[in-house]
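Please have the structure open while I talk.

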Amino acid sequence: FITTETVSNLRDLGGWMTRSGDRVKQGLMFRGAELTDDDNKNSYLRGNIAQLSDNDLDLMANELGIKTEIDLRGSENGTRTTSILGNDVAYYDKPLGSNDSVVSSDYGTFKTIFSLMADRSNYPIFFHCVGGNDRTARVALLLNGLLGVSKDDLIRDWELSSFSFNTVRRRNDSSYWASFNAFINHLETYEGNTLSEKIEDLMINHIGLTKAQVDSIKDIMLEQ
């Protein structure tokens, strides 16, 4: 977790060890909840977090050095066409559905998201939905799973959202874990002996990334 004044559930995706003994690099990929401002008054988060503070703007734009924002919200982003973090941050509006699987209607969106992650010049990257939980969690799981993070650690990473603003939902809503199990079970249907291989099969043979792009993501994000 990265401590902030106004951004909920902000986390570095790195730090996990992979099954092959590599480490996911830190300081390159960040996930979190939406960045709020006056153009986004209708967010259900408005009662939980405030408008992005100057300190958090400085943290994300300068200390973390975010260069690319990937917004998974869709209609929930209001009229947003540029990043709150400033004109130097590239902004991509790439809404995901709330499905518990990777359905064909989302293939184009996933292809764009992971194509951006295959380009070193886009880093550091921040991706988010509204709460930084469901849609954001699926992208995070696909990325760390592709890199070779174990299923147990993917579960731990998913569960870390329980320590964000909607802890009660995560503790009391059984559909939260049903969603996770459905997503993992869906990934198990692809070809490969490991979860990493199955996700790579999904990326190349269904979503449409090239092998070179997948290898680039691994090269960027893995510490040998």
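Predicted model: local features only at pLDDT ≥ 70, side-chain atom pairs only at ≥ 80, totals over all residues.

Asp 106, if we set aside its neighbours within four places in sequence, is in contact with Leu 96, Gly 97, Asn 99 and Arg 138, where contact means heavy atoms within 4.5 Å. Asp 106 lies in the loop between β5 (90-93) and α2, with helices (H or I, at least four residues) and strands (E, at least two) taken as DSSP runs and numbered from the N terminus. Asp 106 is buried yet has no salt bridge, and the nearest side chain of opposite charge, Arg 138, is 4.3 Å away. Buried means under 20% relative accessible area, with a 1.4 Å probe and protein chains only, and a salt bridge needs a side-chain nitrogen of Lys or Arg within 4 Å of a carboxyl oxygen of Asp or Glu.

Residues are numbered from 1 along each chain as its sequence is written, and side-chain values use heavy atoms, leaving out hydrogens and water.

Turning to the packing, the largest nonpolar core has 48 residues, and Phe 114, Met 117, Leu 142 and Ile 217 are those with the most contacts inside it; such a core is a set of buried Ala, Val, Leu, Ile, Met, Phe, Trp, Tyr and Cys residues joined through side-chain atoms within 4.5 Å. The helix α3 gives the most to this core, with 8 residues.

Leu 10, finally, counts as buried because its relative accessibility is 1%.

Key: Buried < 20%, exposed > 50% of the residue type's maximum accessible area, 1.4 Å probe, protein only. Lys, Arg positive; Asp, Glu negative; His and termini not counted.
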